[in-house]
Amino acid sequence: MAESIPSDAPAVADDHHGHEEPSFWSKYVFSTDHKMIAMQYMFTGMAMAVIGGFMAYAFRLQLAFPGIEVPGFGIVTPANYNALVTNHGAIMIFWVAMPVLIAAFGNYLIPLMCGCDDMVFPKLNRLSYQIFLLSALVLLSSFFVEGGGFGGGWTAYPPLSAKAEYSLTPLGSSIWLGAVALEFVAFLIGGINFITTAMNSRAPGMKLYDIPIVIWMIVIASILFLVSVGPLIAGAIMLIFDQQLGTAFFDPARGGDPVLWQHLFWFFGHPEVYVVLLPALGITAEIITVFARKKLFGYKTVLHTTIATGVLSFTVWAHHQFISGVDPRMAHVFTLTTLLISVPIAEMMFVYIATLYGGSIRLTTPMLWGLSFIAEFLIGGVTGIFLGASGSDIYFHDTYFVLAHFHYTFFPIAIIGTFAGLTFWFPKMFGRMMNDRLGKIHFWGTIIPFNFIFIPLFVLGMGGQHRRIFDYSNFPELSQPWMQDIRILATSALLIMLGFQIVFFYNFIVSLRRGEKASKNPWKSNTLEWTTDSPPPHGNWKELPTVYRGPYEYSVPGRDEDYWPQDQPN
Amino acid sequence: MIPNGLFGMAIFVIAELMLFAGLISAFFIVKAGAPSWPPMGQPRLPIEATALNSLVLLASGFFLFRAHRAFHRGDRDGMRRPMWLALALGSFFVIFQGSEWVALLGQGLTLTSSSLGSFFYLVVGIHGIHAAAALVLLAIATARLRRGFLSPSFFGAAEALWFFVVAVWPVLYVVVYL
């Protein structure tokens, strides 16, 4: 400790205007600067995305060519297969979508867009990342214990997940649950920070309706997470007790109730969809207004719709359980609420399209990602209606139709939303422009194969192909030649899509080092983060900004420029 | 404006409220599905002793409220006594609960003996952990008060958590014990 070079001045981390150069450790590893913590979340999330993508690669090759020795992985055994699909789902949602969309963008954007120098609880913020990192390491360690990684599906339904003699992973299943619980603690702390900062620490003059939509979306998503996560933490404690201490909370033979877990899980699990959706919607809103050079259509409508979506999202959870033996009368209620929640989301889509209407659209890379988010998420939303209606869900339940549906929601959220935000804020984050041509190659190389992966899977699902089956050759009706051809098509598209990610990483690294220097405001945007240097210094501004108007005053008649930054008096 | 510490703790308390809501609804679902309640052959829960102990906890909350009033009058000296009383009564509650657990374990109510036992130790245990954590915060607040630098933000956070622990207990008592 004493050997390192830290200055002796007390509380140097809080002294935003100090000029001393911090040491490597306090700058990059133990930083309390929200921008650095955002980058830590971003890069950890990216690393986990590579791991989760590798898992998809391994099990998709097994499905297309059963028994093949997967290059770089080896033979996929049934236990491997289960562990791979389970952890692919868990990683992509809990260790990619949440850290990148909420934690990375939330940490980066909330202080910069609200015009303050840091989060209100910088040390809690650092703790949040450290717990998150620990949770990721704990999760990855579960693959190396006796019995291997947990394979009971990311929903971890008991009794399969509750007893080692069913799951065959005596340690893996508890380590997995422990990792999920740690991850929740990290986001609980992070969410408290986000909400408090956005509500208490805004720049002078920034009223509630002057907050950029993406900040509102992250705040509302954090509220949804905080309100929904409690019951799942209760359930996770009970499940770990069942696994390790011999209780019988979910064991029907000894007075427990396995469907209880499903209620606790989906009470969290469904709002969780909106927890990750809202930040992606918010990022899209920012990008669309900037590159259509138009005011966001109906700012207050969007905000109120978001709140309505959040409230409704707590009333739909049992649509995941239509064939779990819930009362059909209850299923009707949940069908109704589920169809109802498509109304505000559809409204949001219309609002975005109305924002584009008549704008002077600039098809930059971030704009392409933003537009494709609307298009692809729409497919996910429309196919969801078939699953929300209990009648059709009885046929579709647990087929590849469900799988394709939620990939059409989660892929736009986690992948398209992230690339949209990253390409848009890259100049601010790193002070250099990304190569637009390579960005577009990467965009088309991702979007086209994505549709070739999952549209065929809708067809397979309608043909009755069930999920979570390691090898279809034991099911004559599911191993007809046309079905196998479709599996090979989907897998080939996945390989192409994964290949195109190399373009992204190449572009990212080269632009980071040799990209054109970015000005303060390369996209001519209104929001506050573009009024400081690129990248922003420690403390964000030399003098904190004052806000005079809302964030979306583009193409205001009578002004010379087509944008009107929030901090300009006139 | 609400102080940051109180604001953050209020959000945390909402999350914790949902944790207890999850536990209570799980308890009700299992109880409703049981053929008889309480399960056969299990010891009776100490309803009367716990009722008295609950009053101790409520009294602790009352003294913290007195401390709260004194704090906002700016009367730091008048705040010390109610703070100490709140802390002492709260600690008594936790210790008494612990002694109750020891007695019940001796009578054959364990985590795995029945679903009543499982839920009893789970729900009361999670409440106890919250109570202990809140007492640590209150103790730090009392120490800061003595040394003269207790901030509204920190005191707000500590008292919010303790009021939550006090307020949620009667609900748990009615649900679990009665």
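The expected span of a helix is 1.5 Å times one less than its number of residues. That rule comes in handy for the first of these close-ups, which are drawn from a predicted model.

View 1. Helix α3(A) has 37 residues and should span 54 Å at 1.5 Å a residue; its end C-alpha atoms lie 50 Å apart, which agrees. Most of α3(A) is covered, with 33 of its 37 residues buried.

**View 2. The largest nonpolar core.** This core holds 215 residues, and the ones that touch the most other members are A:A97, A:I215, A:I218, A:A221 and A:A414. Helix α3 of chain A, residues 78–114, gives the most to the core, with 24 residues. Which residues does A:A414 touch, once those up to four places away in sequence are set aside? They are A:M92, A:V96, A:A97, A:L101 and A:V276.

**View 3. A proline within helix α14 of chain A.** Here you can find A:P449 in helix α14(A), which covers residues 436–462. Is A:P449 buried or exposed? A residue counts as buried if 20 or more other C-beta atoms lie within 10 Å of its own; A:P449 has 20 such atoms within 10 Å, so A:P449 is buried. Beyond its neighbours within four places in sequence, A:P449 makes contact with A:A493, A:I496 and A:M497. For a sense of scale, A:L336 is 113 residues from A:P449 in sequence and 35 Å from it in space, C-alpha to C-alpha.

**View 4. Where chain A meets chain B.** Chain A brings 28 residues to this contact and chain B brings 24 residues. On the chain A side, α6 (172–200), α7 (213–244) and α8 (258–292) each supply at least two residues. The largest share of that side, ten residues, comes from α7(A). Sorted by class, the chain A side has 19 nonpolar, eight polar and one charged residues.

**View 5. Chain B on its own.** Chain B has five helices and zero strands, giving the pattern α-α-α-α-α along the sequence. Its C-alpha atoms fill a box of roughly 55 × 30 × 20 Å along the principal axes. Of the 178 residues in chain B, 35% count as buried. Among the contacts in chain B between residues at least 6 apart in sequence, 80% join residues at least 24 apart.

Key. Residues are numbered from 1 along each chain as its sequence is written. Chains are lettered from A and ligands numbered from 1 in the order in which they are written. This is a predicted model: local features need pLDDT of at least 70, side-chain atom pairs count only at pLDDT 80 or more; totals for chains, interfaces and linings use all residues. Two residues are in contact if their C-beta atoms, placed from the backbone, lie within 7 Å. Helices (H or I, at least four residues) and strands (E, at least two) are DSSP runs, numbered from the N terminus. Ala, Val, Leu, Ile, Met, Phe, Trp, Tyr, Cys and Pro count as nonpolar, Asp, Glu, Lys and Arg as charged, and the others, Gly among them, as polar. A nonpolar core is a set of buried Ala, Val, Leu, Ile, Met, Phe, Trp, Tyr and Cys residues joined through C-beta atoms within 7 Å. A residue is buried if 20 or more other C-beta atoms lie within 10 Å of its own, exposed if 12 or fewer, and partly exposed in between; C-beta atoms are placed from the backbone.
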